[in-house]
Amino acid sequence: MDDVQTKVEANRRNWEQRTPVHLASQFYDVHNTEVDRMAPFEWAELGDVAGLRIAHLQCHLGTDTRLLARAGARMTGLDFSAASVEAARELAGDLDITYVRADVHDAVAELGGGFDMVYTGKGSLMWLPDLDRWAGIVRDLLAPGGRLYLVEFHPLAWMLDGDFNIVGNYLDEAVSSDSARTYTDGPELAGDTVNFQWNHALGTVVTALSRAGLRVTELHEHPVLAWDQWPGMVRDETSGWWRLPAHRPRIPLTYSLTAVR
Ligand SMILES: C[S@@+](CC[C@H](N)C(=O)[O-])C[C@H]1O[C@@H](n2cnc3c(N)ncnc32)[C@H](O)[C@@H]1O
């Protein structure tokens, strides 16, 4: 194993530890089928997904996979964590969803191609070391004319501290961490606390997709985040997500992107 593969494998072990904590968390509230964790802007930009064959990369507990399946899409979820895939299968209930346990980097071999859409994001790209490689995989999963829909935390959001001061880097960087806490409520991880992440600036994402031959057709920056990461955030009435208080600068916390093969 080279250095990058060793880091990806460490991340897989870390996700096996996070998954039981997330499953029991209020944050994910997995048994509550009333919760729509997708923002109205996502549904609007996705359009009608009924009948579409969609690959959901890094699907975790299948939260958004199930929402898309309920909207009529024919869903395949992929994640490298055995615990996540097992939980997602169980939570699918009567929904007809295919889940595959695999590394994103093996997605084409595992899933084949010809998808109408690839859906991914909300904390996914930061686990991928090489976006040129990822963009080629997305292209190969899509049928000609197929779409990527990506919703990610804006790299600007990672720069802020709890007082909304800019303290972090914007540009690409590799970050390692050793923390027993995950981002949800719940107990500390039982082990495998070391993990490796890669910040990707917006320009890196768009350039990787263009280089792979995908045409970026939309890129929207949103002043909201899916959860209240910092004290003082206020609920946004339009999206149901969270924004900075009115006296703070209006900066993007999330972006959404559509690209066509
Ligand atoms: C933050 S979660 C994604 C969250 C999901 N969008 C949601 O809202 O629940 C990140 C997921 O990426 C998966 N992951 C990280 N690196 C991966 C890789 N190289 N291949 C496949 N899955 C990976 C983890 O197992 C985890 O389930």
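User: In which sense do β9 and strand β11 pair, and over how many bridges?

Analyst: This is a predicted model. Strand β11 covers residues 242-243. β9 and β11 pair in the antiparallel sense, over two bridges.

User: Which residue is the bridge partner of L225 in β11?

Analyst: β9 spans 224-225. It pairs with β11. In β11, the bridge partner of L225 is W242.

User: What is the strand order of the open sheet of three strands?

Analyst: The pairing in this sheet is antiparallel. β9 (224-225) and β10 (234-235) are the edge strands, each pairing on one side only. The order is β9-β11-β10.

User: What is the order of the open sheet of seven strands?

Analyst: Here the pairing is mixed. From one strand to the next, the twist averages 15°. The order runs β3-β2-β1-β4-β5-β12-β8.

User: Which strands stand at the edges of that sheet, each with a single partner strand?

Analyst: The sheet is open, with β3 and β8 at the ends of its order. Each of these two has a single partner strand, so one side of each is left without a neighbour in the sheet. The edge strands are β3 (98-101) and β8 (215-222).

User: Which residue of β4 stands opposite A55?

Analyst: Strand β1 holds residues 53-57, and strand β4 holds residues 115-121. The two pair in the parallel sense over three bridges. Opposite A55 stands V118.

User: What angle does the direction of helix α6 make with that of β5?

Analyst: Helix α6 (residues 131-141) packs on the sheet. It touches β1, β4 and β5 (142-153). Its direction and that of β5 make about 135°.

User: How many of the eight residues of helix α3 are buried?

Analyst: Helix α3 covers residues 63-70. T63, D64, T65, R66, L67, L68 and A69 are buried in it.

User: Which elements do the buried residues of α3 pack against?

Analyst: Both helices and strands take part. Just after α3, G72 takes a positive phi of about 105°. The packing partners of the buried residues are α2 (40-46), β1, β2 (74-79), α4 (82-91), β3 and β4.

User: Why is the pair of F27 and Y28 edge-to-face?

Analyst: A search of the whole structure finds 12 aromatic pairs. In this one, the ring centres lie 5.0 Å apart. An angle over 60 degrees between planes counts as edge-to-face. The F27 and Y28 planes are at 65°, so the pair is edge-to-face.

User: Are F27 and Y28 buried or exposed, and which residues do ring pairs link into a cluster?

Analyst: F27 is buried, and Y28 is buried too. Both belong to the cluster. Its members are W15, F27, Y28, W127, F153, W158, Y183 and W227.

User: What is the radius of gyration of the protein?

Analyst: The C-alpha trace spans about 45 × 40 × 40 Å along its principal axes. With 261 residues, a compact globule would have a radius near 18 Å. The protein agrees with that, at 18 Å.

User: What percentage of the residues count as buried?

Analyst: The secondary structure comes to seven helices and 12 strands. Among contacts with a separation of 6 or more, 71% join residues 24 or more positions apart. The accessible surface is about 11900 Å², with 48% belonging to carbon and sulfur atoms. Of the 261 residues, the buried share is 51%.

Technical notes
Residues are numbered from 1 along each chain as its sequence is written. This is a predicted model: local features need pLDDT of at least 70, side-chain atom pairs count only at pLDDT 80 or more; totals for chains, interfaces and linings use all residues. Side-chain values use heavy atoms; hydrogens and water are left out. Two strands pair if DSSP finds at least two bridges between them. Helices (H or I, at least four residues) and strands (E, at least two) are DSSP runs, numbered from the N terminus. Axes are lines fitted to C-alpha atoms, for helices over the stretch in contact, and angles run from 0 to 180 degrees between N-to-C directions. Contact means heavy atoms within 4.5 Å. The radius of gyration is taken over C-alpha atoms; the globule rule is 2.2 Å times the number of residues to the power 0.38. Buried means under 20% relative accessible area, exposed over 50%, partly exposed in between (1.4 Å probe, protein chains only). Accessible areas come from the Shrake-Rupley method with a 1.4 Å probe; for residues, only the protein chains shown count as cover. Rings of Phe, Tyr and Trp (its six-membered ring) pair if their centres lie within 6.5 Å; planes under 30 degrees apart count as stacked, over 60 as edge-to-face and the rest as tilted.
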